[in-house]
Amino acid sequence: MVPNAADSAKIRRMNQETWTAVDHYIADVLHLTDDALEFALRESDAAGLPAIAVSVPQGKFLNLLGQICHARRILEIGTLGGYSTIWMARALAPGGDMITLEIDAKHAQVARANLDRAGLGDRVEVREGAALDLLPKIAAEKKGPFDLIFIDADKPNIPDYFKWSLALSRPGTVIVVDNVVREGAVIDAASEDTSVKGVRKLNEMLAAESRVSATVLQTVGTKGYDGFTVVRVTE
Ligand code: SAH
Ligand code: DHB
Ligand code: MG
């Protein structure tokens, strides 16, 4: 039986309530968050930044990936208020550092304050500008290869961000891309949505790219229904 529009809306609302409650339960039972992380969200909100940072369990997932790959160099594309940045920078091995790219001057400013407050100001460089302008400079400066790269900026540019990420990788580098399921919209081959197009192009690139091994994980939680692409660079 196909639910009508009102039923669908109700089902979606019930699901979202459950997903949100479970995310809160997970954060609570595992003691995932703390003052510096909460401060970063509060300050971001107070400064009028959109509430689109990764969720608490997702932040911990990025932190775990950083630990699992013993990351000494981390690159992030799309800083916002530095919430995901804090999670990843905390995984840095001793002596490691992180670069995060942000086009919006206000976002960058809020992020720097949040990183300082988290005691990470000296290990994380927030670079201001369009990522596609900054990435060639990072390559020219030989800042890579990075051990972990998180792509979370404007979605239409995901294919180009992935190309640059590969160029800044070594065998073993882990690349994560956020917002790749988009409430299921990703399966619409006829979509005119430039974000969906960006994600679908990434998937074609991954399928054709012999130097990577990849999967897509669907996620639900406070941020609704979405997903992460996880890539390992193999050669
Ligand atoms: N990673 C953050 C959320 C990032 S939201 C977190 O989970 O906490 C996406 C960010 O990408 C926004 O701050 C936006 O200003 C930035 N952005 C958008 N287009 C960009 C571009 N072309 N270059 C760099 N940053 C960009
Ligand atoms: C948006 C961006 C994100 O990175 C995200 O995780 C959720 C929403 C957005 O631009 O709306
Ligand atoms: Mg995101």
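Me: Which side-chain contact does Lys155 make with ligand 2?
Reply: In this predicted model, a polar side-chain atom of Lys155 lies 3.1 Å from an oxygen atom of ligand 2.

Me: And how much of ligand 2 does the protein cover?
Reply: Taken on its own, ligand 2 has 300 Å² of accessible area, and the protein covers 60% of that.

Me: What about Asp152, how far is its side chain from ligand 2?
Reply: An N or O atom in the side chain of Asp152 is 2.7 Å from an oxygen atom of ligand 2.

Me: Which part of Ile52 is involved, backbone or side chain?
Reply: The backbone: one of the polar backbone atoms of Ile52 is 3.4 Å from an oxygen atom of ligand 2.

Me: Where does ligand 2 sit?
Reply: The largest pocket holds ligand 2.

Me: Changing topic, where is Ala71?
Reply: Ala71 belongs to the loop that runs between helix 3 (56-68) and strand 1 (73-77).

Me: Is Ala71 buried or exposed there, and why?
Reply: Ala71 counts as buried because its relative accessibility is 0%, and buried means under 20%.

Me: How far is Ala71 from Met88, in sequence and in space?
Reply: The two are 17 residues apart in sequence, while the C-alpha atoms of Ala71 and Met88 are 9.1 Å apart in space.

Note on methods
Residues are numbered from 1 along each chain as its sequence is written. Chains are lettered from A and ligands numbered from 1 in the order in which they are written. This is a predicted model: local features need pLDDT of at least 70, side-chain atom pairs count only at pLDDT 80 or more; totals for chains, interfaces and linings use all residues. Side-chain values use heavy atoms; hydrogens and water are left out. A polar contact is a pair of N or O atoms within 3.5 Å; within protein, one must be able to donate a hydrogen and the other to accept it, and residues adjacent in sequence count only if both atoms are side-chain atoms. Accessible areas come from the Shrake-Rupley method with a 1.4 Å probe; for residues, only the protein chains shown count as cover. On a 1 Å grid over the protein atoms alone, a cavity is a set of points where a 1.4 Å probe fits but cannot get out, and a pocket is an open set with protein on both sides within 12 Å along at least five of seven lines; lining residues have an atom within 4 Å of a point. A molecule sits in a cavity or pocket if more than half of its atoms lie within 2 Å of its grid points. Helices (H or I, at least four residues) and strands (E, at least two) are DSSP runs, numbered from the N terminus. Buried means under 20% relative accessible area, exposed over 50%, partly exposed in between (1.4 Å probe, protein chains only).
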